[in-house]
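Please read the points beside the coordinates.

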Amino acid sequence: MLLLPKRLERRGSELGELVEEGSDEERLASTVRLANRRVAERATSDPRASGMGSTVTAALIGPRSVAFAHVGDSRAYLWRDGVLTRLSDDHSLVAEWVKAGALAPEEAALHPQRSVITRALGADWQVEVDTWTTPVRAGDVILL
């Protein structure tokens, strides 16, 4: 999970290399896809890293909004006026079952396959990245 300010100093980490062009959502998605390729390269080139992967939820903070990029079951929340709101959807097997009506939300929390994710960095050479932008105001807290 990573929270990125608008102006980013290069730190050498994969997500520290924020793509420079496009909207905030496009920049985050491109950066996450770059990280995905690097994880996939490592997982295929190093036998010790075979099967490795990761989830990511990243945020790019602007003056009036926050852009997000999300893959997996890490989460983004907004704390506003004493109310915590989940902003991201899990990319997991049980989350898909809940959406399809095959499993009740109460059952999902205890299901033995609740940690089986359907999207992750490095699982494939290409990854679908969810992006969205949320307006923010003074006093808001973003939790990743």
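1. Three-stranded sheet. An open sheet of 3 strands runs in the order β5-β4-β7, with antiparallel pairing. β5 and β7 (141-143) are the edge strands, each having a single partner, so one side of each is left without a neighbour in the sheet. On average, neighbouring strands of this sheet are turned by 25 degrees against each other, direction ignored; axes are lines fitted to C-alpha atoms, for helices over the stretch in contact, and angles run from 0 to 180 degrees between N-to-C directions. Strands (E, at least two residues) and helices (H or I, at least four) are DSSP runs numbered from the N terminus, and two strands pair if DSSP finds at least two bridges between them.

2. Basis of the model. This is a predicted model, in which local features require pLDDT of at least 70 and side-chain atom pairs count only at pLDDT 80 or more, whereas totals for chains, interfaces and linings use all residues. Residues are numbered from 1 along each chain as its sequence is written, and side-chain values use heavy atoms, with hydrogens and water left out.

3. L78 has I142 as its bridge partner in β7 and stands opposite T85 in β5. R80 is bridged to V83 of β5.

4. The hairpin residue D81. Which residue takes a positive phi in the hairpin of β4 and β5? The residue is D81, in a hairpin with 2 residues between the strands. Most residues other than glycine have a negative phi. D81 is not a glycine, yet has a positive phi of about 50 degrees. D81 is also exposed, with a relative accessible area of 64%; exposed means over 50%, buried under 20%, and partly exposed in between (1.4 Å probe, protein chains only).

5. Overall arrangement. The protein has 3 helices and 7 strands, following the pattern β-α-β-β-β-β-α-α-β-β along the sequence. Of its 144 residues, 38% count as buried. Among contacts (heavy atoms within 4.5 Å) with a separation of 6 or more, 56% join residues 24 or more positions apart.

6. Largest pocket. The largest pocket holds about 170 Å³ of space. A pocket is, on a 1 Å grid over the protein atoms alone, an open set of points with protein on both sides within 12 Å along at least five of seven lines, and lining residues have an atom within 4 Å of a point. Grid points are joined across faces, edges and corners, and the volume is the space filled by probe spheres set on the points. The lining consists of D73, R75, R86, D90, S92, V94, A95, V98, P105, A108 and R114.

7. Composition of the lining. The lining of the largest pocket comprises 5 nonpolar, 1 polar and 5 charged residues (Ala, Val, Leu, Ile, Met, Phe, Trp, Tyr, Cys and Pro count as nonpolar, Asp, Glu, Lys and Arg as charged, and the others, Gly among them, as polar). α2 (93-99) and α3 each supply at least two lining residues; the largest share, 3 residues, comes from α2.

8. S92. This residue, one of those lining the largest pocket, lies in the loop between β5 (83-86) and α2. S92 is buried, with a relative accessible area of 2%. Leaving aside neighbours within four places in sequence, S92 is in contact with R114, V116, I117 and T118.

9. V129. Is V129 buried or exposed? V129 is buried, with a relative accessible area of 13%, and is found in the loop between α3 (105-108) and β6 (130-135). V129 and G72 are 57 residues apart in sequence and 9.2 Å apart in space, C-alpha to C-alpha.

Technical notes
On a 1 Å grid over the protein atoms alone, a cavity is a set of points where a 1.4 Å probe fits but cannot get out, and a pocket is an open set with protein on both sides within 12 Å along at least five of seven lines; lining residues have an atom within 4 Å of a point.
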